Amino acid sequence: MSRFKYSVGPWNVHEGADAYGPEVRDSIPFEEKLKKFKEIGFDAVQFHDDDAVPNINNYTEEEIKVEAAKVKALLDKYGLVAEFVAPRLWFDPRTVDGGFCSNSAEDREYAMWRAYRSIDIARVLGCDKIVLWLAREGTLCYESKSPVDNTNRLVEAINKMLDYDKDIKIMIETKPNEPIDRSVCPTLGHAMAISAASKDPSRVGGLLETAHAMLAGLDPASEIGFALAMGKLWGVHLNDQNGMKYDQDKSFGVENLRAAFNQIKVLMENGFGENGEYIGLDVKAMRTEKQEGSYQHLINSLKIAKALEAKAEKFDYDFQKKCVAERDYEKLELYVMELLMGL
Ligand code: GLO
Ligand code: MG
(Lines give C-alpha, C1' and ligand atoms only; values in the text may rest on other atoms or scores of the structure.)
(Ligands and ions follow the chains in the order given, each with its own letter.)
Protein backbone atom coordinates (compact mmCIF):
# COMPACT_ATOMS: atom_id res chain seq x y z
CA MET A 1 0.00 0.00 0.00
CA SER A 2 1.53 3.21 -1.14
CA ARG A 3 1.50 6.27 1.08
CA PHE A 4 1.55 8.52 -1.99
CA LYS A 5 -0.97 9.41 -4.63
CA TYR A 6 0.34 9.42 -8.18
CA SER A 7 -0.52 11.60 -11.17
CA VAL A 8 0.18 11.60 -14.90
CA GLY A 9 -0.48 13.80 -17.93
CA PRO A 10 -2.06 12.75 -21.23
CA TRP A 11 1.23 13.75 -22.97
CA ASN A 12 2.96 10.90 -21.14
CA VAL A 13 1.33 8.48 -23.56
CA HIS A 14 2.45 9.68 -26.96
CA GLU A 15 3.10 8.71 -30.51
CA GLY A 16 6.89 8.73 -30.33
CA ALA A 17 7.74 11.63 -32.65
CA ASP A 18 11.03 13.35 -31.85
CA ALA A 19 13.01 16.20 -33.40
CA TYR A 20 14.40 13.78 -36.00
CA GLY A 21 11.50 11.57 -36.94
CA PRO A 22 7.72 11.26 -37.09
CA GLU A 23 5.18 9.34 -35.03
CA VAL A 24 5.73 5.60 -34.66
CA ARG A 25 2.61 4.73 -32.65
CA ASP A 26 -1.08 5.50 -33.16
CA SER A 27 -2.79 8.22 -31.13
CA ILE A 28 -4.89 6.95 -28.28
CA PRO A 29 -8.15 8.80 -27.61
CA PHE A 30 -8.18 10.93 -24.45
CA GLU A 31 -10.98 9.01 -22.76
CA GLU A 32 -9.19 5.71 -23.34
CA LYS A 33 -6.08 7.14 -21.70
CA LEU A 34 -8.09 8.18 -18.63
CA LYS A 35 -9.59 4.72 -18.28
CA LYS A 36 -6.17 3.12 -18.52
CA PHE A 37 -4.56 5.61 -16.10
CA LYS A 38 -7.08 4.58 -13.47
CA GLU A 39 -6.56 0.88 -14.16
CA ILE A 40 -2.78 1.21 -13.87
CA GLY A 41 -3.13 2.88 -10.46
CA PHE A 42 -3.07 6.65 -10.98
CA ASP A 43 -5.23 8.94 -8.86
CA ALA A 44 -4.94 12.25 -10.66
CA VAL A 45 -4.42 13.74 -14.10
CA GLN A 46 -2.31 16.75 -15.09
CA PHE A 47 -3.44 19.03 -17.87
CA HIS A 48 -2.19 21.62 -20.26
CA ASP A 49 -4.96 24.13 -20.98
CA ASP A 50 -5.33 22.68 -24.48
CA ASP A 51 -5.29 19.08 -23.26
CA ALA A 52 -8.54 19.98 -21.53
CA VAL A 53 -9.80 22.26 -24.31
CA PRO A 54 -8.22 21.41 -27.68
CA ASN A 55 -8.21 24.32 -30.15
CA ILE A 56 -8.58 26.67 -27.20
CA ASN A 57 -7.93 29.74 -29.40
CA ASN A 58 -11.16 29.13 -31.30
CA TYR A 59 -13.43 29.45 -28.27
CA THR A 60 -14.77 32.32 -26.22
CA GLU A 61 -14.06 32.45 -22.50
CA GLU A 62 -17.52 31.07 -21.74
CA GLU A 63 -17.24 28.31 -24.34
CA ILE A 64 -13.90 27.26 -22.82
CA LYS A 65 -15.61 26.70 -19.47
CA VAL A 66 -18.32 24.63 -21.14
CA GLU A 67 -15.70 22.47 -22.87
CA ALA A 68 -13.79 22.06 -19.59
CA ALA A 69 -16.98 20.89 -17.86
CA LYS A 70 -17.14 17.96 -20.30
CA VAL A 71 -13.64 16.94 -19.22
CA LYS A 72 -14.64 17.22 -15.56
CA ALA A 73 -17.50 14.82 -16.24
CA LEU A 74 -15.05 12.34 -17.79
CA LEU A 75 -12.73 12.59 -14.79
CA ASP A 76 -15.70 11.91 -12.50
CA LYS A 77 -16.73 8.95 -14.62
CA TYR A 78 -13.36 7.27 -14.09
CA GLY A 79 -12.88 8.30 -10.45
CA LEU A 80 -9.98 10.63 -11.23
CA VAL A 81 -9.26 14.21 -10.20
CA ALA A 82 -7.31 17.02 -11.86
CA GLU A 83 -4.01 17.95 -10.21
CA PHE A 84 -3.15 21.11 -12.13
CA VAL A 85 -3.52 23.03 -15.36
CA ALA A 86 -0.49 24.46 -17.19
CA PRO A 87 -0.74 27.09 -19.95
CA ARG A 88 1.02 25.67 -23.01
CA LEU A 89 3.07 28.70 -23.95
CA TRP A 90 5.37 27.04 -26.47
CA PHE A 91 3.22 25.89 -29.40
CA ASP A 92 1.33 28.87 -30.71
CA PRO A 93 3.12 31.15 -33.23
CA ARG A 94 2.56 34.00 -30.77
CA THR A 95 4.84 32.28 -28.24
CA VAL A 96 7.76 31.82 -30.62
CA ASP A 97 9.82 34.40 -28.67
CA GLY A 98 8.48 33.35 -25.26
CA GLY A 99 5.24 34.10 -23.44
CA PHE A 100 5.36 36.31 -20.37
CA CYS A 101 8.88 37.47 -21.29
CA SER A 102 8.37 37.91 -25.03
CA ASN A 103 9.80 41.07 -26.59
CA SER A 104 6.37 41.69 -28.14
CA ALA A 105 3.81 43.39 -25.87
CA GLU A 106 0.99 41.89 -27.90
CA ASP A 107 2.38 38.40 -27.49
CA ARG A 108 2.83 38.94 -23.75
CA GLU A 109 -0.85 39.78 -23.63
CA TYR A 110 -1.71 36.57 -25.45
CA ALA A 111 0.36 34.65 -22.86
CA MET A 112 -1.70 36.28 -20.09
CA TRP A 113 -4.89 35.30 -21.92
CA ARG A 114 -3.73 31.67 -21.88
CA ALA A 115 -2.74 31.95 -18.20
CA TYR A 116 -6.19 33.32 -17.26
CA ARG A 117 -7.92 30.63 -19.32
CA SER A 118 -5.81 27.99 -17.56
CA ILE A 119 -7.08 29.32 -14.24
CA ASP A 120 -10.69 29.23 -15.51
CA ILE A 121 -10.20 25.63 -16.67
CA ALA A 122 -8.60 24.62 -13.36
CA ARG A 123 -11.61 26.02 -11.53
CA VAL A 124 -14.03 24.02 -13.66
CA LEU A 125 -11.91 20.88 -13.24
CA GLY A 126 -12.01 21.39 -9.47
CA CYS A 127 -8.36 22.15 -8.80
CA ASP A 128 -6.50 25.19 -7.51
CA LYS A 129 -3.02 24.60 -8.91
CA ILE A 130 -1.43 26.15 -11.97
CA VAL A 131 1.93 24.96 -13.25
CA LEU A 132 4.27 27.27 -15.11
CA TRP A 133 6.75 25.29 -17.13
CA LEU A 134 8.51 28.26 -18.72
CA ALA A 135 9.57 26.49 -21.90
CA ARG A 136 10.53 29.51 -23.99
CA GLU A 137 11.15 32.12 -21.28
CA GLY A 138 14.80 33.09 -21.58
CA THR A 139 17.08 33.70 -24.52
CA LEU A 140 18.31 32.02 -27.66
CA CYS A 141 20.30 35.09 -28.68
CA TYR A 142 21.64 36.45 -25.41
CA GLU A 143 21.62 40.13 -26.38
CA SER A 144 17.98 39.95 -27.52
CA LYS A 145 16.61 40.35 -23.98
CA SER A 146 17.66 41.78 -20.67
CA PRO A 147 17.88 39.25 -17.83
CA VAL A 148 16.55 41.93 -15.50
CA ASP A 149 13.49 42.62 -17.69
CA ASN A 150 12.90 38.89 -18.10
CA THR A 151 12.83 38.37 -14.35
CA ASN A 152 10.63 41.39 -13.72
CA ARG A 153 8.21 40.36 -16.47
CA LEU A 154 7.86 36.92 -14.96
CA VAL A 155 7.10 38.35 -11.51
CA GLU A 156 4.62 40.77 -13.07
CA ALA A 157 2.81 37.95 -14.90
CA ILE A 158 2.62 35.88 -11.73
CA ASN A 159 1.25 38.85 -9.80
CA LYS A 160 -1.48 39.30 -12.41
CA MET A 161 -2.43 35.63 -12.09
CA LEU A 162 -2.55 35.94 -8.30
CA ASP A 163 -4.85 38.95 -8.69
CA TYR A 164 -7.08 37.20 -11.18
CA ASP A 165 -7.96 34.45 -8.70
CA LYS A 166 -7.46 34.89 -4.98
CA ASP A 167 -7.23 31.16 -4.25
CA ILE A 168 -5.12 29.86 -7.07
CA LYS A 169 -1.64 28.51 -6.28
CA ILE A 170 1.19 28.68 -8.79
CA MET A 171 3.93 26.06 -9.04
CA ILE A 172 6.97 26.97 -11.11
CA GLU A 173 8.40 23.91 -12.86
CA THR A 174 12.05 24.82 -13.22
CA LYS A 175 14.28 23.74 -16.10
CA PRO A 176 17.64 25.22 -17.13
CA ASN A 177 17.31 24.80 -20.91
CA GLU A 178 15.43 23.07 -23.74
CA PRO A 179 13.74 24.33 -25.78
CA ILE A 180 15.20 27.68 -24.66
CA ASP A 181 18.97 28.04 -24.33
CA ARG A 182 19.24 30.10 -21.16
CA SER A 183 16.14 29.84 -19.01
CA VAL A 184 14.83 32.64 -16.83
CA CYS A 185 14.05 30.21 -14.00
CA PRO A 186 16.49 27.29 -14.08
CA THR A 187 16.43 25.87 -10.54
CA LEU A 188 14.18 25.71 -7.50
CA GLY A 189 16.37 28.33 -5.85
CA HIS A 190 15.32 30.70 -8.61
CA ALA A 191 11.68 29.66 -8.19
CA MET A 192 11.85 30.41 -4.47
CA ALA A 193 13.32 33.84 -5.17
CA ILE A 194 10.56 34.56 -7.70
CA SER A 195 8.06 33.44 -5.06
CA ALA A 196 9.57 35.81 -2.50
CA ALA A 197 9.45 38.67 -5.02
CA SER A 198 5.78 38.05 -5.83
CA LYS A 199 2.92 39.84 -4.13
CA ASP A 200 1.85 36.67 -2.28
CA PRO A 201 4.73 34.26 -1.64
CA SER A 202 2.35 31.91 0.20
CA ARG A 203 0.71 31.11 -3.17
CA VAL A 204 3.82 30.67 -5.30
CA GLY A 205 5.81 27.45 -4.95
CA GLY A 206 7.76 24.97 -6.99
CA LEU A 207 7.60 21.69 -8.86
CA LEU A 208 10.80 19.71 -9.23
CA GLU A 209 11.39 17.38 -12.12
CA THR A 210 14.23 14.87 -11.69
CA ALA A 211 15.57 15.25 -15.23
CA HIS A 212 15.49 19.06 -15.05
CA ALA A 213 17.60 19.09 -11.87
CA MET A 214 20.12 16.80 -13.54
CA LEU A 215 20.21 19.00 -16.64
CA ALA A 216 21.17 21.84 -14.28
CA GLY A 217 23.95 19.65 -12.86
CA LEU A 218 22.11 19.41 -9.53
CA ASP A 219 21.03 16.53 -7.34
CA PRO A 220 17.24 16.08 -7.54
CA ALA A 221 16.77 14.95 -3.92
CA SER A 222 18.64 18.04 -2.73
CA GLU A 223 16.49 20.32 -4.90
CA ILE A 224 13.42 18.62 -3.47
CA GLY A 225 14.79 19.02 0.06
CA PHE A 226 15.53 22.69 -0.49
CA ALA A 227 11.96 23.49 -1.54
CA LEU A 228 10.55 21.29 1.23
CA ALA A 229 12.57 23.30 3.75
CA MET A 230 10.86 26.43 2.40
CA GLY A 231 7.44 24.76 2.67
CA LYS A 232 7.01 25.28 -1.06
CA LEU A 233 7.28 21.92 -2.77
CA TRP A 234 3.78 21.38 -4.09
CA GLY A 235 4.53 18.94 -6.88
CA VAL A 236 7.21 16.70 -8.35
CA HIS A 237 7.79 15.14 -11.75
CA LEU A 238 9.79 12.03 -11.06
CA ASN A 239 11.58 10.48 -14.02
CA ASP A 240 15.20 9.80 -14.90
CA GLN A 241 17.98 11.14 -17.05
CA ASN A 242 21.31 9.79 -18.22
CA GLY A 243 23.65 12.71 -17.77
CA MET A 244 23.60 16.25 -19.12
CA LYS A 245 22.15 15.90 -22.58
CA TYR A 246 18.71 16.35 -24.12
CA ASP A 247 15.71 15.93 -21.78
CA GLN A 248 15.06 12.19 -21.76
CA ASP A 249 12.05 11.71 -19.46
CA LYS A 250 13.13 8.13 -18.82
CA SER A 251 11.22 5.84 -16.49
CA PHE A 252 11.80 6.67 -12.85
CA GLY A 253 14.90 5.09 -11.37
CA VAL A 254 16.14 3.25 -14.45
CA GLU A 255 19.39 5.21 -14.78
CA ASN A 256 20.18 6.44 -11.28
CA LEU A 257 18.66 4.10 -8.75
CA ARG A 258 20.32 5.49 -5.64
CA ALA A 259 19.36 9.06 -6.59
CA ALA A 260 15.79 7.83 -7.16
CA PHE A 261 15.77 6.16 -3.75
CA ASN A 262 16.87 9.41 -2.13
CA GLN A 263 14.11 11.36 -3.87
CA ILE A 264 11.47 9.00 -2.50
CA LYS A 265 13.16 8.97 0.91
CA VAL A 266 13.26 12.75 1.30
CA LEU A 267 9.61 13.00 0.21
CA MET A 268 8.63 10.36 2.77
CA GLU A 269 10.66 11.87 5.59
CA ASN A 270 9.02 15.23 5.11
CA GLY A 271 5.38 14.23 4.79
CA PHE A 272 5.03 15.09 1.11
CA GLY A 273 1.48 14.29 0.08
CA GLU A 274 -0.10 15.05 3.43
CA ASN A 275 -1.56 18.29 2.07
CA GLY A 276 -2.89 16.65 -1.06
CA GLU A 277 0.29 16.80 -3.15
CA TYR A 278 0.78 14.18 -5.85
CA ILE A 279 3.83 12.44 -7.20
CA GLY A 280 3.70 13.07 -10.92
CA LEU A 281 5.54 10.68 -13.22
CA ASP A 282 6.60 12.77 -16.22
CA VAL A 283 7.96 9.88 -18.25
CA LYS A 284 7.97 9.05 -21.96
CA ALA A 285 8.12 5.70 -23.74
CA MET A 286 11.18 4.99 -25.84
CA ARG A 287 10.64 5.54 -29.55
CA THR A 288 11.36 1.85 -30.14
CA GLU A 289 8.27 0.85 -28.17
CA LYS A 290 5.41 -0.77 -30.07
CA GLN A 291 1.74 0.19 -29.80
CA GLU A 292 1.04 -2.46 -27.14
CA GLY A 293 3.79 -0.93 -25.01
CA SER A 294 2.31 2.58 -24.98
CA TYR A 295 1.82 2.48 -21.16
CA GLN A 296 4.71 0.22 -20.15
CA HIS A 297 6.98 3.08 -19.01
CA LEU A 298 4.19 4.29 -16.70
CA ILE A 299 3.64 0.82 -15.28
CA ASN A 300 7.40 0.44 -14.79
CA SER A 301 7.80 3.85 -13.16
CA LEU A 302 4.96 3.21 -10.71
CA LYS A 303 6.38 -0.19 -9.85
CA ILE A 304 9.86 1.20 -9.24
CA ALA A 305 8.54 4.15 -7.20
CA LYS A 306 6.51 1.86 -4.97
CA ALA A 307 9.41 -0.59 -4.59
CA LEU A 308 11.60 2.33 -3.51
CA GLU A 309 8.93 3.40 -1.02
CA ALA A 310 9.22 -0.08 0.49
CA LYS A 311 13.03 0.22 0.57
CA ALA A 312 12.81 3.62 2.27
CA GLU A 313 10.31 2.13 4.73
CA LYS A 314 12.98 -0.44 5.66
CA PHE A 315 15.78 2.13 6.04
CA ASP A 316 17.39 1.55 9.44
CA TYR A 317 17.60 5.00 11.03
CA ASP A 318 19.22 3.60 14.20
CA PHE A 319 22.01 2.15 12.12
CA GLN A 320 22.30 5.41 10.22
CA LYS A 321 22.62 7.34 13.52
CA LYS A 322 25.27 4.93 14.73
CA CYS A 323 27.29 5.37 11.54
CA VAL A 324 26.94 9.13 11.81
CA ALA A 325 28.04 9.08 15.48
CA GLU A 326 31.09 7.03 14.50
CA ARG A 327 31.52 9.13 11.35
CA ASP A 328 31.74 5.89 9.44
CA TYR A 329 30.19 6.98 6.17
CA GLU A 330 31.80 4.10 4.22
CA LYS A 331 29.80 1.70 6.37
CA LEU A 332 26.63 3.75 5.85
CA GLU A 333 27.17 3.86 2.11
CA LEU A 334 27.63 0.09 1.89
CA TYR A 335 24.46 -0.35 3.97
CA VAL A 336 22.50 1.76 1.45
CA MET A 337 23.90 -0.21 -1.48
CA GLU A 338 23.07 -3.51 0.19
CA LEU A 339 19.56 -2.30 0.95
CA LEU A 340 19.05 -1.33 -2.71
CA MET A 341 20.58 -4.53 -4.05
CA GLY A 342 18.61 -6.69 -1.64
CA LEU A 343 21.77 -8.25 -0.15
C1 GLO B 1 9.15 19.38 -20.19
C2 GLO B 1 8.26 19.43 -19.03
C3 GLO B 1 6.81 19.25 -19.40
C4 GLO B 1 5.93 19.78 -18.30
C5 GLO B 1 4.49 19.86 -18.71
C6 GLO B 1 3.62 20.42 -17.61
O7 GLO B 1 10.33 19.36 -20.08
O8 GLO B 1 8.66 18.48 -18.09
O9 GLO B 1 6.51 17.91 -19.65
O10 GLO B 1 6.06 19.02 -17.16
O11 GLO B 1 4.41 20.67 -19.83
O12 GLO B 1 3.81 21.75 -17.44
MG1 MG C 1 7.70 17.97 -16.29
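Predicted model: local features only at pLDDT ≥ 70, side-chain atom pairs only at ≥ 80, totals over all residues.
Residues are numbered from 1 along each chain as its sequence is written, chains are lettered from A and ligands numbered from 1 in the order in which they are written, and side-chain values use heavy atoms, with hydrogens and water left out.

**First stop: helices H1 and H3**

Select residues 30-40, helix H1, together with residues 61-77, helix H3. Helices (H or I, at least four residues) and strands (E, at least two) are DSSP runs, numbered from the N terminus. Two packed helices are described by the angle between their axes and the distance between the axes. Axes are lines fitted to C-alpha atoms, for helices over the stretch in contact, and angles run from 0 to 180 degrees between N-to-C directions. The axes of H1 and H3 come within 10 Å and cross at roughly 30 degrees, so the two helices are roughly parallel to each other.

Next, show the side chains where the two helices meet. Phe-30, Glu-31 and Leu-34 of H1 are in contact (heavy atoms within 4.5 Å) with Val-71, Leu-74, Leu-75 and Lys-77 of H3. By class, five of the residues in the contact of H1 with H3 are nonpolar, none is polar and two are charged. Here Ala, Val, Leu, Ile, Met, Phe, Trp, Tyr, Cys and Pro count as nonpolar, Asp, Glu, Lys and Arg as charged, and the others, Gly among them, as polar.

Remain on H1 and select Lys-38, which has its place in this helix. At 36% relative accessibility, Lys-38 counts as partly exposed; buried means under 20% relative accessible area, exposed over 50%, and partly exposed in between (1.4 Å probe, protein chains only). Leaving aside neighbours within four places in sequence, Lys-38 is in contact with Tyr-78, Gly-79 and Leu-80.

**Second stop: the nonpolar cores**

A nonpolar core is a set of buried Ala, Val, Leu, Ile, Met, Phe, Trp, Tyr and Cys residues joined through side-chain atoms within 4.5 Å. Select Phe-100, Leu-233, Ile-264 and Ile-279, which touch the most other members of the largest core, a set of 87 residues. Helix H4 (residues 105-125) supplies the largest share of this core, eight residues. A second, separate core has seven residues, including Phe-84, Ala-86, Val-131 and Leu-207.

Select residues 257-269, helix H9, and residues 296-314, helix H10. Their axes come within 9 Å and cross at roughly 70 degrees, and H9 and H10 are therefore roughly perpendicular to each other. Among the residues that make the contact are Phe-261 and Ile-264 of H9 and Leu-308 and Ala-312 of H10. The contact of H9 with H10 divides into eight nonpolar, no polar and four charged residues.

**Last stop: the loops**

Select Glu-178 and Pro-179, which are joined by a cis peptide bond with omega about 5 degrees. Pro-179 lies in the loop between strand S6 (169-173) and strand S7 (182-183).

Then select Asn-55, in the loop between helix H2 (49-52) and H3. Its phi is near 55 degrees, a positive value in a residue other than glycine, and at 53% relative accessibility Asn-55 counts as exposed.

Finish at Arg-327, in the loop between helix H11 (317-326) and helix H12 (329-341). Phi of Arg-327 is near 50 degrees, a positive value in a residue other than glycine, and Arg-327, at 67% relative accessibility, counts as exposed.

Terms used: Parallel < 35°, antiparallel > 145°, perpendicular 65-115°, else oblique.
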